[in-house]
Amino acid sequence: MSDDVIRDRKDQHLDVVLSGGGRHARDAGFDAIRFVHEALPDLDHAKIDLGVDFLGRRLKAPFLISSMTGGPARAEAINAHLAEGAQHLGIALAVGSQRGALEGGADGGLNASLRHRAPDTPILANMGAAQLTQGFGVDQARRVMEMIGADALIVHLNPLQEACQAEGDRDWWGVGAALEALIRKLDAPVVIKETGAGISAATARRLIDMGAAAIDVAGAGGANWGLIEGERATEPSDKAHALVFADWGIPTARAIAEARAACPDALIIGSGGVRNGLDAAKAIRLGADMVGQAAGVLEAATVSTDAVVAHFQLAIRQLRTACFCTGSASLADLKRAPLQA
């Protein structure tokens, strides 16, 4: 696939998301979750510990920025703002697609400058599972990690998107075996994530048994990449095909709870329709160790580093208040906070 096609597609993705399109028809499930309010918290609000260990580093708050980037000119500024914001906030950063840079195109800021902007931040490189049977393997994984000085690799699973994309990769025969081989051979942590349709309990268990370092359930309730592909499609039949999958997938709240039940000791990231810090608190209570957000921070990322910082400072404040009003001095306490029946 040419660099121009990949770049144009990424720009179209950005346009759809920023215009408010491609939203999932299903709710992420967080509105149905209610904490029991603690009217007499024996806590100092300022001293609540929101820190979490993630891939060998201590974060100040349990947030992972999952970026979506477009063509190189837009992507460079977005990636700079996200990296600088993550460094300032003490949270983690997962970059968007590096396929264009790997195949020789412009890197969109996905180079050594990213680590320079975020020297203390856990940074995760990016690779698509569908490419693992198309000549992309351990060598390419090492290259995308070295490109940005990454601590780990995220491999994304996006079968719905590929099926709805006119030029999508729809031959997934052997992808599971290739993914396990990559996990076993790569001398770095590999995180597996969906892209908005969720990971079932059985698949989460299978991925952990393969050796995955973490699972990002990326459930239904946020961006729907089938619909996003439908919106950028030019053929009416492609648009009609995608539209019926508007409510496809496992809602995020359910995906988190089921993945935790199936994988009690795994590192689980909850993403997909996380709108604010209260949703983040609910995700953690359901079993997530970390919370990811992509589309929710994208608009801020197109503006400035300060806008990214302000966006997450509000979410962190909301998470802290949820801890305060449940009597939770730490995230470990929050995981045990009582819920309303």
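## A walk around strand S6

Let's start with Ile192: leaving aside residues up to four places away in sequence, this residue touches Val155, Leu157, Leu179, Ile183, Ile199, Leu207, Ala212, Ala214, Ile215 and Asp216. Keep in mind as you look around that the model is predicted.

Ile192 also belongs to the largest nonpolar core, which has 100 residues. Within that core, Phe63, Leu153 and Ile192 touch the most other members. Which helix gives the largest share of this core? Helix H14 (residues 305-324) does, with 8 residues.

Is S6 largely enclosed by the rest of the structure, or open? Buried here means under 20% relative accessible area. By that cut-off, 6 of the 6 residues of S6 (residues 152-157) are buried, so the strand is largely enclosed by the rest of the structure. Its side chains can be sorted by direction: Ala152, Ile154 and His156 point one way, Leu153, Val155 and Leu157 point the other way, and all are buried.

Strands of a sheet pair through backbone hydrogen bonds, either parallel or antiparallel. The table shows the two partner strands.

| Partner of S6 | Residues of partner | Sense | Bridges |
|---|---|---|---|
| Strand S5 | residues 123-128 | parallel | 5 bridges |
| Strand S7 | residues 190-194 | parallel | 5 bridges |

Single residues let you find these pairings on screen. On the S7 side, His156 stands opposite Lys193.

What do they form together? The answer is a closed barrel of 8 strands with parallel pairing, in the order S3-S4-S5-S6-S7-S8-S9-S10. From one strand to the next, the twist averages 25°. Helix H7 (residues 175-185) lies across S5, S6 and S7, and H7 runs at about 170° to S6.

Finally, a look at the rings. How many aromatic pairs does the structure hold? There are 2 aromatic pairs. One of them is formed by Phe245 and Trp248, which sit 5.5 Å apart centre to centre. Their planes make an angle of 70°, and the pair is edge-to-face.

Methods
Residues are numbered from 1 along each chain as its sequence is written. This is a predicted model: local features need pLDDT of at least 70, side-chain atom pairs count only at pLDDT 80 or more; totals for chains, interfaces and linings use all residues. Side-chain values use heavy atoms; hydrogens and water are left out. A nonpolar core is a set of buried Ala, Val, Leu, Ile, Met, Phe, Trp, Tyr and Cys residues joined through side-chain atoms within 4.5 Å. Buried means under 20% relative accessible area, exposed over 50%, partly exposed in between (1.4 Å probe, protein chains only). Helices (H or I, at least four residues) and strands (E, at least two) are DSSP runs, numbered from the N terminus. Contact means heavy atoms within 4.5 Å. Two strands pair if DSSP finds at least two bridges between them. Axes are lines fitted to C-alpha atoms, for helices over the stretch in contact, and angles run from 0 to 180 degrees between N-to-C directions. Rings of Phe, Tyr and Trp (its six-membered ring) pair if their centres lie within 6.5 Å; planes under 30 degrees apart count as stacked, over 60 as edge-to-face and the rest as tilted.
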